[in-house]
Amino acid sequence: MGRTVKCPKCDANMAKLDYEGIYVNRCPDCKGLWFDAFELQELKKLKGSETIDLGANDKSKENDENRGIDCPVCHTQMIKMVDIEHHMKYEACTVCYGVYFDAGEFKEYKHETLMMSLKKMLLGKGI
Ligand SMILES: [Zn+2]
Ligand SMILES: [Zn+2]
């Protein structure tokens with residue numbers, strides 16, 4: 001847990017944040033977020049955890065989408081994940097299960113997840 005994670009996009013040392021006992025790494029440059037395996041799942045459950053995401057998703061950056069990035073922990077090439085349910089794109093490592101979000105993506109992810117559960121609740125009551 002003591003290691004420093006480098007941002008897979010700009011190679012800067014990511015800062016460690018403690019959000020209610022869960023460690024998240026955030027890049028000081030691009031504000032990208034790195035989650036170790038299971039941290040994402042844990043964090044998703046926490047209310048208000050999207051505040052760790054400082055970024056407004058800059059759509060103009062999508063040009064570099066095709067560039068493959070390597071996992072900062074085990075240095076294998078990460079794969080692009082598309083979460084159709086949440087309309088999300090992010091990078092995931094198939095070896096250590098780390099996940100990388102561009103700035104703003106986690107915020108969107110949380111927002112979508114919230115909307116989904118609200119919809120499910122409403123539908124559940126309506127039927
Ligand atoms: Zn970065
Ligand atoms: Zn990895």
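Which residues does Pro-72 touch, not counting residues up to four places away in sequence? Pro-72 touches Val-5, Lys-6, Cys-7, Pro-8 and Trp-34. This is a predicted model.

## Overall layout

The chain has 127 residues, and 27% of them count as buried. Its secondary structure comes to two helices and six strands. Along the sequence, these elements follow the pattern β-β-β-α-β-β-β-α.

Contacts also span the sequence. Take the contacts between residues at least 6 apart in sequence. Of these, 46% join residues at least 24 apart.

## The sheet

Strands of a sheet pair through backbone hydrogen bonds, either parallel or antiparallel. Here, six strands form an open sheet, and the pairing is antiparallel. The order across the sheet is E1-E2-E3-E6-E5-E4. E1 (15–19) and E4 stand at the edges. Each has a single partner strand, so one side of each is left without a neighbour in the sheet. From one strand to the next, the twist averages 35 degrees.

E1 pairs with E2 (residues 22–26) over five bridges, in the antiparallel sense. Within this pair, Lys-16 stands opposite Asn-25 in E2. The hairpin of E1 and E2 has two residues between the strands. In this hairpin, Glu-20 takes a positive phi near 45 degrees.

E2 also pairs with E3, again antiparallel, over two bridges. The hairpin of E2 and E3 has six residues between the strands. Its Lys-31 has a positive phi near 65 degrees.

What joins E4 to E5? Five bridges link E4 (residues 79–83) to E5 (residues 88–92), and the two strands run antiparallel. Val-82 stands opposite Lys-89 in E5. Ile-79 has Ala-92 as its bridge partner in E5.

E5 and E6 (residues 99–101) pair over two bridges, also in the antiparallel sense. Ala-92 takes part in this pairing as well, with Val-99 of E6 as its bridge partner. The hairpin of E5 and E6 has six residues between the strands. There, Tyr-97 takes a positive phi near 65 degrees.

## The nonpolar core

The largest nonpolar core has 19 residues. Which of them touch the most other members? They are Met-14, Leu-33, Trp-34, Phe-35, Val-99, Tyr-100 and Phe-101. Four elements each supply at least two residues of this core: E3 (33–35), helix H1 (39–45), E6 and helix H2 (105–126).

Leu-33 gives a view of the surroundings. Set aside its neighbours within four places in sequence, and Leu-33 is in contact with Val-24, Asn-25, Arg-26, Ile-52, Asp-53, Phe-101 and Phe-106. Phe-101, one of these contacts, is itself among the core residues that touch the most other members.

## The loop between H1 and E4

Pro-72 is found in the loop between H1 and E4. Is Pro-72 buried or exposed? Pro-72 is buried, because 24 other C-beta atoms lie within 10 Å, and the cut-off for burial is 20 or more. Trp-34, one of the residues that Pro-72 touches, is also listed among the core residues that touch the most other members. Gly-98 is 26 residues from Pro-72 along the chain, and their C-alpha atoms are separated by 8.9 Å.

His-75 lies in the loop between H1 and E4 too. His-75 is exposed, because it has 11 other C-beta atoms within 10 Å, and the limit for an exposed residue is 12 or fewer.

Most residues other than glycine have a negative phi. His-75, a residue other than glycine, has a positive phi near 60 degrees. Phe-38 is not a glycine either, yet it has a positive phi of about 75 degrees.

Phe-38 lies in the loop between E3 and H1. Phe-38 counts as exposed, because it has 11 C-beta neighbours inside 10 Å.

Definitions and conventions: Residues are numbered from 1 along each chain as its sequence is written. Chains are lettered from A and ligands numbered from 1 in the order in which they are written. This is a predicted model: local features need pLDDT of at least 70, side-chain atom pairs count only at pLDDT 80 or more; totals for chains, interfaces and linings use all residues. Two strands pair if DSSP finds at least two bridges between them. A nonpolar core is a set of buried Ala, Val, Leu, Ile, Met, Phe, Trp, Tyr and Cys residues joined through C-beta atoms within 7 Å. Two residues are in contact if their C-beta atoms, placed from the backbone, lie within 7 Å. Axes are lines fitted to C-alpha atoms, for helices over the stretch in contact, and angles run from 0 to 180 degrees between N-to-C directions.
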